[in-house]
2 protein chains.
Amino acid sequence: MNLTLKDIAQAMGVSVTTVSKALKDYKDISPETKTRIRAYTEKVNFRPNAHASFLRTQKTRLIGLVLPRLKHDFFNEITESIICYAASHDYKVIVLCSEESYEKEKSQIKELLQLNVDGIFISVAKNTNDYTHLKQVIKNNTPLILFDRTVKLVPSLQVVNDDFEAGFMATEHLIKQGCKKIVHLRGDLIPQISIDRFFGYKKALEKHNIPFKKELVTICSENTFEEGYKGVFNLIKKFPDVDGLFAITDLVAIGAMGAFKELGYQIPKDVAIIGYSNWLISSLITPKLSTIEQNGNKMGKQVMQSFLDLQNTDGEMATSKYQRLIIPSRLIPRTSSMKTTELL
Amino acid sequence: MNLTLKDIAQAMGVSVTTVSKALKDYKDISPETKTRIRAYTEKVNFRPNAHASFLRTQKTRLIGLVLPRLKHDFFNEITESIICYAASHDYKVIVLCSEESYEKEKSQIKELLQLNVDGIFISVAKNTNDYTHLKQVIKNNTPLILFDRTVKLVPSLQVVNDDFEAGFMATEHLIKQGCKKIVHLRGDLIPQISIDRFFGYKKALEKHNIPFKKELVTICSENTFEEGYKGVFNLIKKFPDVDGLFAITDLVAIGAMGAFKELGYQIPKDVAIIGYSNWLISSLITPKLSTIEQNGNKMGKQVMQSFLDLQNTDGEMATSKYQRLIIPSRLIPRTSSMKTTELL
DNA sequence: GGCTTTTACGAAAAGGTTTTAGTTAAACTT
DNA sequence: AAGTTTAACTAAAACCTTTTCGTAAAAGCC
């Protein structure tokens, strides 16, 4: 159906080899022939078959991107960023969604390898705790980059937010606003991001000599509005005097905010709230939600850039090197946490 | 690097043909040989090379999805829906973002054809008004499905929301709430969706004998918070007595809401507001924004299902048939438009 | 037992590109 | 003029799978 090198060669009265070389600018083809052939291929809109090409070159210019979910501002942003940046370097991205399922993640990785993608970028599912599928990628010599939800045990490139710093900054910010009894709505126990943010929270308390109480920490495994909402209702029974809250993600914070409002608390006067991720919604609700920026755009670019750098290395062992690139966090103070009105 | 049929054949002491046939369950291979070979391929984790396979079968099980943007609740939802549904039918999706650029859209289509994807799903860029690239797809006999931002002039399958009905419902809802002077913040002039919603608006006014005034309609080409915000500030100078507003999309509506609040208008008492798309944020802001549901999930499934149906048809001419599938709209009344408190 | 049918497997071509290793003719040496 | 370079092009193999067409042996038939 599609035109092939053979067709072009026939039409031009030259060999297949010559056409191929002309298109790839080999120096043993005369300038006249080159322009003649190129003009023709341009005219008939010929582009060499990518799969046949792969068979020789072993390069697909395809990248596999595996995400736990797509309907999520941050993953969404990082996806757009990777796709656009990849496109500008002539790479295309196959996007897969593990739907937080380890099984799916595993089989998707396998399928990507079967497709011979040039690289795999992945943010792992929450309950992924077996990493043989990831090690398989490395064994296969396919560049692997973990991002955001990473696994420290896998010897590959990893691009992460500074989650510890984020937890620390958020909590210290609340402390500086005068909070003494700070609740943390944390994420699940397994993911590194959730652990790191929690440690940041703890560290900030410690630094400011506020005793850590594990009862003030609740797990929100789903990261939804409802979890934040329910989390507050449960906590408030035992601790009606909380005056600060740091949530694992903005949506949870907004749920918490809803609960506090319903319970008659004033925000930020009675309780200061800060989230994480800087979702679009956070700057549009009332009061505007303080948060920590999670720059998906920057991270996406970093992931893609790291991949490109790998391509320009000697190859071979360049893939399986453990390295952690950390994207700095940034505090975005807004109304929801500003007890002292000095800023903003 | 990867194992091939040849390797397996060698190890098993049979021919390449036999291995291939065994894996594809041909009936001229004995059951014993089949199980023996399968056990081995399972063990060594062999999967046939997808590209070599393509060369014979002309099937890639890849789908190209072209979107104007990704950071957008609706496109995001539809993407997730398509990707997941596709995965369950063993198709993988290459996602491309035209960034609202006709030029990029055009070259991306070309690249997808070069990759021999089994189908292309596209929602066109705002300023796309030349359709030769789309017709090229049809000429290439590649199934093409347009969705949401479609082009009526292209003879292909199209899946759309009932935008006319949506505009009508939204406007009529405002009228029923007692609004007499209803502003419409519409989208750009070219996209069909924007035209249809506008026509719906007009039709509702007409039905209820409210004269249409073109000064009450403003174009918001960017569909952002700012556009809605500015739109209201501009309008309000001339028409301080507007009592209703229908915006092309929720984010614009929220911008408008912000402006009205700042100007001291009470919502919905002074002015009733309704958006379109049911973004996540709309149910979380105060007051909750009334809107029209734009079910991305449903549309994604419909798009993919239509594609699968095409695959099961005789092929050939099945691709280039003009057909429009309409996903019904649904009114979601919330606080922002409820002047009469009968509902909710 | 001589015939046809069935069973189980293999050879080879096709699919389109890339690249190595030529080949020919012209141009250049001395 | 004989030999060497260079320029411009080509043949053919390789990449890996699928599928058509064969072939050989075993089984079935009267």
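Predicted model: local features only at pLDDT ≥ 70, side-chain atom pairs only at ≥ 80, totals over all residues.
Author: Local features need pLDDT of at least 70 and side-chain atom pairs pLDDT 80 or more, while totals for chains, interfaces and linings use all residues. Residues are numbered from 1 along each chain as its sequence is written, chains are lettered from A and ligands numbered from 1 in the order written, and side-chain values use heavy atoms, without hydrogens and water.

Reader: Why is B:Asn140 called buried?

Author: Buried means under 20% relative accessible area (1.4 Å probe, protein chains only). B:Asn140 has 17%, so B:Asn140 is buried.

Reader: What makes the pair B:Asn140 and B:Thr142 a polar contact?

Author: A polar contact is a pair of N or O atoms within 3.5 Å; within protein, one must be able to donate a hydrogen and the other to accept it, and residues adjacent in sequence count only if both atoms are side-chain atoms. The two side chains make such a contact at 2.9 Å, so the pair meets the distance limit.

Reader: Which residues come nearest to DNA strand D?

Author: A residue is near a strand if one of its heavy atoms lies within 4 Å of it. Of the 26 residues around DNA strand D, A:Ser15, A:Thr18, A:Lys21, A:Asp28 and B:Leu5 come nearest.

Reader: What does the side chain of B:Tyr26 approach on DNA strand D?

Author: An N or O atom of that side chain is 3.0 Å from a phosphate oxygen. The side chain of B:Thr17 has an N or O atom 3.5 Å from a base oxygen of DNA strand D.

Terms used: Buried < 20%, exposed > 50% of the residue type's maximum accessible area, 1.4 Å probe, protein only.
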